[in-house]
Structures are given as structure tokens and as C-alpha cells.
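Here is a look at how two chains meet, and at a few details inside one of them. Have the model open as you read.

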There are 2 protein chains.
Amino acid sequence: MTLQVMLLLCVFVSFIAFGYAAWLFLWVKKQPQENKTITKVSDLIQQGARAFLSRQDRILIAFAGLISVIILFMLPAPIWKGGFVKNLTNAICYICGTLLSALSGKIGIEVATSANGRSAEAAQKGIKPAFMVGFRGGAVMGMAVVGACVLGVSVVYLITGDTQAVLCFSFGASSLALFAKVGGGIFTKTADIAADLTGKVELGIPEDDPRNPAVIADNVGDNVGDVAGMGADLFDSNVASLAAALVIASKLDAVSAYHNNVITVFCYAGLGLLASVLGVMTAKIGKNGNPTSALNSSTYVTTAIYAVLTLIATYVFKFSWYVWAACILGLVVGVVIGFTTDYFTDDTKQPVHNVAHASTSGPAFTILSGVSYGFLSTLPAMIGTGISTLISYKLCEGIDPNFGSEYALFGISIAAVGMLSIVGMIVSNDAYGPIVDNARGLAEMGGLGDEVLSITDELDSAGNTVKAITKGFSISAAGLTVIALLGTFMSEVNDAAAEIGVAGITGFDAMNPLVFFGMLVGAAIPAVFSAMLMLGVNRNAQRMVEEIHHQFNTIEGLKEGKVDPEYNRCIEIATNGAIRELIPAGLVAIVSTIVVGFVGGVGAIGGFLVGNILSGLLLSLFMSNSGGLWDNSKKFVEAGHEGGKGSEAHKAAVVGDTVGDPFKDTAGPSINTQITVVSLISSLLSTLFLTMSLFK
Amino acid sequence: MTLQVMLLLCVFVSFIAFGYAAWLFLWVKKQPQENKTITKVSDLIQQGARAFLSRQDRILIAFAGLISVIILFMLPAPIWKGGFVKNLTNAICYICGTLLSALSGKIGIEVATSANGRSAEAAQKGIKPAFMVGFRGGAVMGMAVVGACVLGVSVVYLITGDTQAVLCFSFGASSLALFAKVGGGIFTKTADIAADLTGKVELGIPEDDPRNPAVIADNVGDNVGDVAGMGADLFDSNVASLAAALVIASKLDAVSAYHNNVITVFCYAGLGLLASVLGVMTAKIGKNGNPTSALNSSTYVTTAIYAVLTLIATYVFKFSWYVWAACILGLVVGVVIGFTTDYFTDDTKQPVHNVAHASTSGPAFTILSGVSYGFLSTLPAMIGTGISTLISYKLCEGIDPNFGSEYALFGISIAAVGMLSIVGMIVSNDAYGPIVDNARGLAEMGGLGDEVLSITDELDSAGNTVKAITKGFSISAAGLTVIALLGTFMSEVNDAAAEIGVAGITGFDAMNPLVFFGMLVGAAIPAVFSAMLMLGVNRNAQRMVEEIHHQFNTIEGLKEGKVDPEYNRCIEIATNGAIRELIPAGLVAIVSTIVVGFVGGVGAIGGFLVGNILSGLLLSLFMSNSGGLWDNSKKFVEAGHEGGKGSEAHKAAVVGDTVGDPFKDTAGPSINTQITVVSLISSLLSTLFLTMSLFK
């Protein structure tokens, strides 16, 4: 088996995934959509989501254009020093990264906004068909994201054979994720908060009442935040993990006695995609079955298929068993972390009950207990990530004693690849959430009756439970990926050092004051970044609240429900505001990296990345988990506990939920993207940091 | 000037400080206390505080007894291997550390609970006498804490000449700080929250109403948390900074061409104490003067005096100018960080106004904006700490080129010593706060009239402002100290390695998986630690609320104010609960260190400390600052902004304040102590971790 053949096989598998996604898409489209209100609202949502994407695309084209010009002139070396082809390749790969990521987001949005109404109507026939519409709609996104990732990386490597081109491709994916995830996160919470504040609180109308001008924006938000944003985020992590593994693998292939590293990475990546396709195909729910266990069991099935497929491949192609073990270790730890994290947000477990009970003493106690459990919840994932780093390092260290530390780093990167191998399944499950969430709202607006609502409620609740698991999983996967990227950065620095004839580095020593300085600054950045996003959501929500007040004051007959509000104005505000607020936050992350690099050089940047990873992991786990915990505590109270709906405990729980919204849907998950962007920039600029820094 | 003479001079200066403290104490006692209600309540507070201390002492004696036995048998080496005298010395030094810290806490409590009533009565004669009683009362604590520190370290070094004995002394101080700061922090917030919940919320009676059974406990809490706890905390940091500097200095004196390191440390420490004495002596307030600027200007005066005194000493004794520069750098950065942090909590600045304004949209927005500004506020202090580490390292690196990295670490430790040099002044200002806070309550209970209340209000508000500054300062100082302790740990490891004939270490490389594993776990510990404390406060407050309900239900005539409640029951609950809740949290910190050490060895522990420092600094800055911000936002609203008292914004601001209370008074400042304890344990157990770990 040559590398070329393997790469072509990967391309082939990605086409299988695309084909399957197309079949699923057509299947969803074939499902009946007859209710007029549902069709109308569903169309409005689709148009709103498209409006957001096209506005985002315009900004993105400007941004990506600028970056690609910089790459064209500067990477890997200034273009005037000769090397036009390499620079051009890098720029093109960067653009391809942004395009593929944008494309898979667009596909996801299209199918999600088509599936939501159809799932609502299918619920009239029972839970099984409604579940299948939601799940298959989500699976389109899953197949598209992972297919695009495997396709993109394979083709780039096939054509260029250059890992720096892969890094540029990955950087393209990250730039887009910064916009899609962060912008989508701001959009969704802006609309959510503004709709709740004016609708539920001021006017006393239900959550999805069509009189509220923000109601469509709110539903659009679910799609742009959870479908497009989350897809871009996982596309980004997945590409980055492959890029990190490839950089190290290709260097090892060139020097080590064991040559199978690059081919292993592609083989495992392709098999991950294949396992996800098979996992989605076999997903089933009984006639009156439980959607949560259907979703979870498909995750297990995919995991098992993947383990078996890689086992066979490793045996047949005589790959290293140590590398295989590291890969499976990553996968298993990822699943375990997901389920441990679930403990803190599951409404049958102690933390949710305790927070609900604390709410009876008032909102301050909802917040205090939620923050406390959020802090506690970081421990299992931090330890789990630590253990998988440590063991995968130790496993692979011995593959070639001459290159012990390089193989060790390769082991870490393969653990990240393993953890992300089933990402197709994860994205499917994750995208299922907003579809059935929308379906619930549409069923209400379409007046489909209480029985249907109880089915969509059950589907929605399964979506929330699964989301908690996938979130813990994706944060840890991103964590392991950026740890692998740290190795990539060191490797890039040493390449650059060898080229210009200076001494390389062997690590990032905390006792080196430049490294420590970098660590301190790097640790502060995720906090500053999240703060800016949350303040941005706040500001943006205020703008939308003003618009809603304005519409209620000026549009006659709106309060009585005789005329429709101008939904588009709210969508515009959310869109423009999201983009306006994300730019300064993104700049802080990027500029601080560049400043630290030019002040303290590669040592300071190494420290900066370490500090960034540590505090970023900690804060994103904390914010995502406490947000999920508050959400479920509110639902637990609404289910009739601690006084039920309308009680003081309920009011307090709603406060917790409102605080948790930007925690879990804006700031928490955006930190992943921030860390990845910063890591990739550091790798790409390593030569400059090495040669042009103030301190050495 | 020989070292012996310098040590004796330090002892002499500490006696000056004690003498001055005694004079101040007698002066306070001489002030009139005539109002019967004030005297009665003040006595109750004093008795309550004494009860807490004596209960704490009993637990402490058991705990310290156990640790000292362990030290006696195990440190520096198992006693059965011979070395009885050294082990005994270490155990005695440990005990002395706990005793001196406990003693200065006791002195502080005695004077604070005597000064509160007298300050209230003095306010009848104007702001000037009332301020002087509060300030001089606080200064007794300041002089006692720093005097005890300088005395203790000097005498231990004079007698033993062994830096490990100093480390044991420091560990003793830290153990006590763990109890005093953490226990006091739980106590004070338990009482505060329970008193507010039942009094203000349920019964609608004012904050300091004597019918509330928790009211005395609440006032006791101010003293045990802010006076005794804060004193123990800064005593701990101060001793630890000296210990860290001495460990490195004494090694350098033995090998380097430049011999003045140990003597410089003592000289600078003694001069810091002297400068604080002079600063307190010169503190003045005009007849209608502004107490805030009186407090701040005394800080500036002390800083200036210290700079001049050390300048002269450096010139006269021909110390290294680089060391002097590092010391002054630490001092200046400390002051700058204090004032930058102040921006985020000052009620004339944007953050407080914005949080107050956000409160008009409900408590969720109070919390979200407060969390955001709290996150932002970490940046200046993190960068400041990073810069002072970096520059002090670079400054001292060149003192002896043969020992560049050792001198560099010495530079960092001297920057910490410099930052903590004016701690006598800082403690004075800090202890002033609870005295005038109590005075305000006593003036109300004693019925001294509105004019007196407005004076005590002004004094109280100055206390809050200054507290924000000193808090930022003390967190950064603790941060720099633990960074210096990291150097101490490495130095101890290398000593142990040399003794048993294995290779030493040169640093803690993040690319080493054991180090990285340690970092991940270490970063999670401060979050877990704070979570346990906050949950502990919650649980304990619930217990006290039950007791208050019980008293109101069973004691006849209590509601009408005809009979007194059983104040002591509430004090007992707060005391026992505080101690019960702090033990598991303390154990988690200690046990996780030991487990990581025995699993991953010295590399993992190095990483553990780095992760602990980074996330500990970040979280303690975040929690202290957002807590202060919420407190002041509430006061800002109460001063009539955004709707004023009783408005919706006010209710929301009160929620913020309640969340902020355990943030800023329990969890945030306790993290300092947690990090210091963990650092000292690591240094003391370095030999064991080096020889007996699972991985190497």
C-alpha cells in the first residue's frame, strides 16, 4: 500500500460520505411539509440563516482575502527572496480551508432549516419518524463536515506533499471557525436574550410567540450558532489534529527507520469517516423507543466499529501497535470524559438537584452553586486529558529510540486524531439538537396539539442531554489537539532554526523567565476573550431590545397579532452586531500572540501557548458545564420540582439559565477556536519570532 | 557589617515595631467608651471572636501537633537514619511559625474589637478622632504581623543558620493561614449570608438589628475574616517570600564570588518594617480631611521611605545595585497593580457604572457583566507579574556569570521581597476596614444619630476603596512569592539529587509529558478548592438559617425585641461549620500534591506548581475583583443611581453582591494560601518525590 493509494482511498471514502449525505438530504426533502404556518415560519428561519451567512461571507471574503495576500507575500518566506510557487500554494490552501469549512456550514444550515418543520410534522405520526428526520438531518451535517475535512487534507497533501500547506489549510479552517463559531455564538445569544427579556419578561407572551419581532432571529440563532458554528468548530479541530499529526509524521518518515507514520494518519482518518458513515446507517429507534439511548448507542457503535476497523488495518498494513494503542486511548478517554462531564449536567444527578434546591433561597444561590459545580466539573476532564497525554507519549516514545521525543509527540497527536475520529457521529448528534429544538417551536406555532408537543419535547430533551456529552468531548478533543499543535510549533521552530543555522529548542522551560512571562499573559487571554464576547452579547442584546420596543410602539396592530412584526430588522441587528463584536475579541487574541512573539521570541510564545491551553481548557469546561447545569436545573424546576413553574425557585433558576446561555453557547465553546487560531498563527510565524524578537 | 549584627539589628527593629504596637494599643484602650449599648455589643463581638479563635486553636493544636510529629520523624531525612537534632529543629521551627502567626492574629482581634466601639464614639467629635482610632487600631495589627515575621525569620536563621528550618517556619505560618484565612472566610460569609437572608429578606429588619440572632456572628465574622484571616495570609506571604529568597541566597553565598545575598535579604526586610513604622507614625488626616487620601498617602510615604532607606543601605554596605533595582521594581509594580485593579472596582469608574446599569435589566445581567469585568481585570495584574518576573530575572542574571540562572531566580525572589516590604502598611490599612465597618454598625445600634452615622459611613467607604487596592496588591505579591518558591523547589530538588548522587534538574519543560500532566492537574486544583469552599459556605449558611428560624419560633418575645436571642448558638454554628468545611478542601490541595508527586516525581510537581500558580492567580484575581465590583455597584445604586434603593436594579445589584461575597472574602483570597501551602509542601518533600515516584 503506497501513500498515494491511501490518499486516493481517503478521497474515495469522502465521496462515499458526500454521496450518503446527498441521499440523506434528498430523503429529508422528500418528507411531507404541509402545515402552512410551519412552512411559512420555517421559510423565514431559512431566509434569516441565509442572510446571516451571506453577510458573514462578505466580511469573511475581505478578511480571508487580506490574510491570503499576507500569506502570499510572507509565507514560508518573503516572496522577494524567491519561492513564489510555495507562497502561492500556501495562499491557495488557506483559501481552500475557509471555503470548504464555509461550504459544509452552508450545507448543514440548508438541511437543518429544511428538516425542522418536517420533523415537527412527522411527530404527528409518532416519535420514530420524527426522530429519524431530526437525526438524518443532523447526519447530513456530520457527513459533510468530516467528508470535507478528509477530502481537503488528503487532496492538499496529495498535490503538495508539504505539511506547511496543510497548516495553511488548517489556518483557513480556523479563521472561518472564528467567525462562524464566535459570530454565531454572539448572534444566537443576542436573539435569545432579547426575545426572552422583551417577550417573556416584559410582555408576558410565550417563548415562541410570533408577535415577538425577535422570535425568528432566535430560531435562526439556533441554526447559525449550533449547526453552522459547531460544525465549523469541529471541522477546525479535526483538520488541526490531522495537521499537527502530519507535521510530525512527515518529519519522522524522512529520518526514522519506521516509515509508516503519514500513511497511518490518513488511514486512521479515513477509517474514522467510514465508521461514522456506518454508525449513522445503523442508528435506529424502536417504535416507542428512547431517543437519548438511540443517540448514545450510535456513538458506542461507531466507537466499536472504528476500533475494529483500525485494528484490522493495523494488522494488515503492519502499522505500529503502539500508535494504534495511542489512537484508541484517545478515543476511549474522549468518550469517558464526555460521560463524566455529563454527570454535572444530567437532571437525574445530584448537581442539577442541588442547584435547583439552592434556587429556593434566591438567584444568588443558583449562581453560587452553579459556579461551584462548574469549577468542580473541570477536574475529570483535566485529569483525563493529562492522562491521555502522558500515556500516549510513553506508549510511542519507544518506537524508534533515536527519535524518542519526536515519536512521543506523534503519539499525543495520534491520540488527538483518535479522539476526533468519530467526529462525524458527534457532529450528527450535535446538529440533531437544534433541528428538534426548532421542531418543538414550529409544532407550537403550527398548532399541532399537545400530543405532538410532548413528542417534540422528548426529542428536544434528548438533544440537550446528548449535547452535554458531545460538548465535554469536543472541548477535550480540542485540548488534546492544541497540545499536539504545541509539538508542531516546536518542530516548526527547529526547522526554521536549522535553515538559518541557529540553535533549535528542546522544550519550553517554565524556569526560563521569557517562557514564564508568556505563560502569565497566555493564561489571561481566554479570560479576556470570553469577557469581550459576553460584553458584546450584552451590548448587542440591548440594541435588539430597543428595536423590539420601537416596533411595538410604532407598528399598529402588532400587539393584537393582526400584523407581522419586521423580523428582518432583528436579524440584521443580530448579524451586524455579532460581526462588530467579534472583531475586537479576535484581534485581541491575534495581536497579543504577535506582540508576545516579537517581544519574547519563540520561548515566550511556547509559554504563551501553554498558558493559553491551561486556562482556556479550564475556563471553557467551567463555562460550558455550568451553563448546561443551569439550563437543566431550570428545566428540572419547570418539571414540577422545588415549587415548579412560577415559583420563586423558578425565577431564580431562570436567572441562572440566562447567565448560563452566553457561558455555554458563546464564550465557553469559542475559547477552543481562540486557542487553535493562536496555535496555528504561532506555528506559521515561527521563523519570524525566531529571528526578529526583542529578547532572545 | 557581619550577618550576625544584621540579624540582631532585625530583631531590634522588630522590637521597635512591637513597642510601637503596644503604645498604639494602649492609646486605643485609653479612648473613651461610654455608651452602654455599644459597650455591650462590642463585648459580645469580642467574646465571639475569642470563642472562634479558641475553637480554632484546639483544632490547630491537633493538626500542628500531627504535622510536627511527621516533621520530627521524616524531615529532612527519616530520624532512624540519624540526624535527630535537625529533625527536632525543623519540628520546633514549624511550631514557632504557627504560634507567631496565631499570636499576631490574636493581638489584631483584641485591638480591633476594642477599637470598633471607641471609633464609633469618637465619631461624635468629628471625622479626625474617629479615623485615628480606626487607623491606629489597624496599625497595631500591621506592626504585630510584620514584627513577628521579621523577628521569627531572623531568630530562626540566627540560631540554626539553616534555610530548611526557615522553610519549616514558613510552612508553620502557612498551615495557620490555611485555617485562619480559609476558616475565617467561611465563618464570615456564613454569618453574613444567613443574617441577610433571614433578617433583610424574610423579616424585613435592618442589617444590624439586634433581634437577629446572627447579627453578632456577622460582626464577629468581619473580625475573624478580615483581621485575623487577612493578617495570617499576609504573614504567610511575607515569611514565604523571605524563605524563598533565603534558600537561594544562602546557596549563592556559599559558592559565588559575591557574598552579600543573605545579608541583603535581611537588611531589606528590616528596612521594610522600619519604613512601615515611620509610615504609620506620619499618617495624618486634616480636620475635615478625606480618609481615603489619608490612607493612600500613607502608602506612598511608606513606599518612598523604603526606597530611600534601601538606597542608602545599598550604597553604604556596597550591596549589588541590580538586587536593589529588582527589589524596587517589585515594590513599584505591586503598587501599580494595586491601582490598576482599583479601576475595576472604583465607583467613579466605568465598570461599576456599567454593572449598575446592567442591573436594570435584571440580576442575570448584573452577574454577566460582573463576571466579564472580573475576567478583564486579570490582564493588568497578570502582565504586571510577568513583567516584574522577566525584568528582575534579567537584572540579576549578570551578577555572577558562573551562576546566572541562580542569581536570576534570586532576582525574582527579591522582587517578591520588595513587593511585600511595605506589608506593614498594607496590613494596617486593611485592618482599618473591619474596625470602621464594625464602628458603623455599633453607631447605629448605639443610636448615635445621623450625623455620626454619616461620618462612620465615610470612614467605612474609605475602608472599602483601600481594600480593593490592597487586595490586588496582596494577590500579586503572593503570586510573585510562589514563583520564587518554584525556584526554591528546584533548588531543593537539586540539593537532594546531589546528596543521593543522581542527576539534578534544570527546569520544568512543558514538552515533558510528566510536567504537562502536572500542569493540567495543578491548574484544576484552585478551581476545585474554591468550589469546595463556596459550597461549604452555602451548606453552613443553611444550617445557620435553620437555627435562626428555630430561635424565632421558640424564643418568646424575640420578635418584639423584649428578650435577646442566643447569639452564641449562631457563633458556634459558624465556627464549627467553618472548620468542618475547610478540612476537606485543605486535604484536596495537600493530597493532590502528594499523589501527583508520587506518581510523576519532581517533574510532575514542577508542572503542578506552574499550573497551580497560573490558574490560581487568574481565578483569585477574577473572584476578588468581580466580588469587589459587585459590592461597589450595589453601593452605587444605593447612593441613588439607576433607580436607587428598593428599585429593581437595586434588587439585582444585591444578588450580585451576595454572589460576590464568597467570591471576594472566601474563595478568592484563600487561593493564595492554597498555592503557598502546596509550594512549601513540595519543597519540603522534594527528596521523597525524587526518589520514590512511579514515573521518573
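Chain A and chain B bury about 6100 Å² between them, with 86% of that on carbon and sulfur atoms; buried area here is the accessible area (1.4 Å probe) that two parts lose on being put together, summed over both. Three residues, A:F375, A:M511 and A:L520, supply 12% of the area that chain A buries against chain B, more than any other three.

A word on the basis: this is a predicted model, in which local features need pLDDT of at least 70 and side-chain atom pairs count only at pLDDT 80 or more, while totals for chains, interfaces and linings use all residues. Residues are numbered from 1 along each chain as its sequence is written, chains are lettered from A and ligands numbered from 1 in the order in which they are written, and side-chain values use heavy atoms, leaving out hydrogens and water.

Here is the contact in figures.

| Item | Value |
|---|---|
| Residues from chain A in contact (heavy atoms within 4.5 Å) | 70 residues |
| Residues from chain B in contact | 70 residues |
| Salt bridges, chain A to chain B | 0 salt bridges |

A salt bridge needs a side-chain nitrogen of Lys or Arg within 4 Å of a carboxyl oxygen of Asp or Glu.

How do the two copies sit? Rotating by 180° with 0.0 Å of shift along the axis superposes chain A on chain B, at an RMSD of 0.0 Å, by least squares on the C-alpha atoms of residues with pLDDT of at least 70 in both. That is the relation of a two-fold axis. In chain A, the C-alpha of A:D509 is nearest the axis, 2.0 Å away. Since 100% of the interface residues of chain A are also interface residues in chain B, the copies meet through the same surface.

Salt bridges do turn up elsewhere: the count over all chains is 46. One of them joins the side chains of A:D661 and A:K189 at 3.6 Å, N to O. A:D661 is in helix α17 of chain A and A:K189 in helix α5 of chain A, so the pair ties together parts 472 residues apart in sequence. Helices are DSSP runs (H or I, at least four residues), numbered from the N terminus.

Note on methods: Helices (H or I, at least four residues) and strands (E, at least two) are DSSP runs, numbered from the N terminus.
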